[in-house]
Amino acid sequence: MVRPVRGGCWWAIAAVLVAPLLWAGPAGAETILEVEAGYAGSFVPGQEVPVRVRVSADRLLRGTLEVGVGTPENGTPVAMAVEVPGGGQKEFLLTARAGLNQSPDVVARLRQGDRVLASGQASVRATVDTELVGLLPGAIRGRAVPGPAALAVDVGTARFALVGEAELERAPASLGPLSTLAADADELGRLSPGARTGVLRWIESGGRLLVDTAKGQTVAGLPDGWQPGTRGRASAGLGEVVATDGAIAAGRWSGLVEPSGWGSASSRFGGQLPVAASLASDAGLRTPEIGWLVGFLAVYVVVVGPLLFLALRRAGRPELAWIAIPLVAILFSTGSYAVGRNLRKATRLVHATVLSTGPAGPVAVSYVGVFSRGGETTRIGFPAGWSGGAFAQMGQSAAAASLVTSTPDGPESHLPLDAGQFGMVHATGPAPLSGAGVGGLEIVATAGRDGGITGSVRNPTAFRLDRVAAFVGSDAVLIGPLAPGEQQPFSVANAGQMQMMDGGGSAFRVWQGMRTELDDGPVNFDLWQAALQSGGLNFLSPNAVVAAGWTREFVPEVRIDGRIARPEGRTVILGRQQVEPVAQGPTTLAVRRDIVRDPFANRLRGGRPAGSVVRFVLPEGADTSKLVLRSPFGSAELWQDGGWLPAACNGAACQRGPAVNCAPGDARCQQQPRLVNPRFPPVTDLVVPAAAVRSDGVIYARLDGPASIDQGASLTVGRLA
């Protein structure tokens, strides 16, 4: 009989009891993920979606939190390292860009290596005729978040959601779905510098800030040019600042929120696809011409076949074919490799950047492409304070990031590339002041009585700019090169017309045709189209001047695989300025015009498309007794007395536009005949009654078609006070 070692059985029992405790890690603990996405459960396709994840853990937990909006084809997942104390709870905020899916699922996963410890899910829906309004804590003063409210005009509703400190610190990306922010009188001034800068950048890109202050009162934290003034309203880039005069504190939300073009314009971001193709060309990826390939194969067949056969036969050594044929194959393979290597030149990293100014300094949107020779997962990083991700995968122009990781140094995109594959990511954030000067181009623009605009453009940056041009409405003029600090005048004669969808025609005219892969000039039309789409429907308008110049000298801060890199590429530097009215006389160009609803959102009214809704804001001192609305669809409705009423024809001026089926030589025809769609009546002048003008100078018009077509609706003020 074998006796056990003394104490051995006790140690064995103890080991059995203690082992599960020793080996139990976070995976054995109960971990719960609660997910909340968007605002009020809604988002805007193509914009960043804030995702709040609350993690509860029984034990100390360290891992990676990964969030994705929709499938990888519609949105790239984002990730960040997290730590949760044992027996505690912690909330994390991530922002992920959404695709075009109208009702995607938002999935959060907590990983340790390849293991998924816990997961959670939420659903969001796209906004349709809904304005999402973010409420800063001071706006509700401890009260409950209000329910849905009617907009200022009958085109939808407003829905409200509380915006916390975490969202403000991650602005402007975290504010992506919001068209409006509501704040107490001094709340903006109390924000941290980073949060205030993010909010100002959000306003600059088209957001509307409602401040519960009296009209004419100075708002702390706002630039001088953005102060609401005595009318309680001021333009702020593409956005606005509105004084609500105590309406927020009183809870008078119905009719307070105005419609915007936020949801409809921001969802169109397919302009990034041509950028991918353009960057691939800049990186050196070129497809050989079909004639060259056919000729190469024909020469190879002739050499290996008849020529080699005849040569060996004449030499009387046919057995040498076993050596000659492989040698010819090696020779042609070496040549094809050399040619192919030349088609993929040594450049590995390239960029295309849009640089513009803002209230807190210059802002850059950089598209960065990388070419992989041997196949690898490349990490492309951007500075802290930037938000980054993949471009929308709506085609196969380039591979996109499989994951975007939030690191202390900034976002980092992971690009898994095969040998010879090209990938692209994009990011946006504050550009470094050193080397970038003060940001975008500085513009002075004044409307003339003859429908033209005169002004000047100054280059405040440290870069020499080529082919600087000024765009207004459907017209544009080439200014030429601008050295650092140089200023040049410009004049646009036909500024009263509206852009034809995206302004491509005038850009091609002033920048002399489309760029090809053989053109090494500074202009990149693909980047220009992406900049226009990013700006939205109201970026090019008859009431503002957009100046654009090109340079190769700007280089964004980029890290590749953890190392600082200097990509080659092109940058378009922009500036945008509202047109100042003339001192006296009629004006159209100084009237702010915003398309706040467009027919591309598939809304129906009475079984047919709802058309467009355009908002006009009159300049101060405008004579409201002589307002004329020009409609390209023959009629329009105006919001007055709480409803939409047809606008009356303006007497003899009703048929100022070209007549349909106008016969040559007819005296009623205009001097410059043009093609007219016979389904549309001629451009019609309509009377705007005083009842359609709000006390703050705002007018709403509803049209039967897209307001972005050429000769779109415009408003003429008879004279200024």
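Asparagine 524 is found in the loop between helix 11 (504–510) and helix 12 (525–535), where helices (H or I, at least four residues) and strands (E, at least two) are DSSP runs numbered from the N terminus. The model is a predicted one, in which local features need pLDDT of at least 70 and side-chain atom pairs count only at pLDDT 80 or more, while totals for chains, interfaces and linings use all residues. Residues are numbered from 1 along each chain as its sequence is written, and side-chain values use heavy atoms, with hydrogens and water left out.

Asparagine 524 counts as buried because its relative accessibility is 2%; buried means under 20% relative accessible area, exposed over 50% and partly exposed in between, with a 1.4 Å probe and protein chains only. The side chain of asparagine 524 makes a polar contact of 2.7 Å with the side chain of serine 278, and a polar atom of that asparagine side chain also lies 3.0 Å from the backbone nitrogen of aspartate 526. A polar contact is a pair of N or O atoms within 3.5 Å; within protein, one must be able to donate a hydrogen and the other to accept it, and residues adjacent in sequence count only if both atoms are side-chain atoms.

The whole structure holds eleven aromatic pairs, two of which are tabulated below. Rings of Phe, Tyr and Trp (its six-membered ring) pair if their centres lie within 6.5 Å, and planes under 30 degrees apart count as stacked, over 60 as edge-to-face and the rest as tilted.

| Pair | Centre to centre | Angle between planes | Class |
|---|---|---|---|
| Tryptophan 511 and tryptophan 528 | 5.2 Å | 90° | edge-to-face |
| Tryptophan 511 and tryptophan 550 | 5.5 Å | 80° | edge-to-face |

Tryptophan 511 lies in the loop between helix 11 and helix 12 and tryptophan 528 in helix 12, so their pair ties together parts that are 17 residues apart in sequence. Tryptophan 550 belongs to strand 29 (residues 544–551), so its pair with tryptophan 511 ties together parts 39 residues apart in sequence. Tryptophan 511 and tryptophan 528 are both buried, and tryptophan 550 is buried as well. Ring pairs link Phe471, Phe508, Trp511, Phe525, Trp528 and Trp550 into a cluster.

Elsewhere, the charged end of arginine 52 sits over the ring of tyrosine 39, 5.0 Å from its centre, the rule being that NZ of Lys or CZ of Arg is within 6 Å of the ring centre and within 35 degrees of the ring normal.
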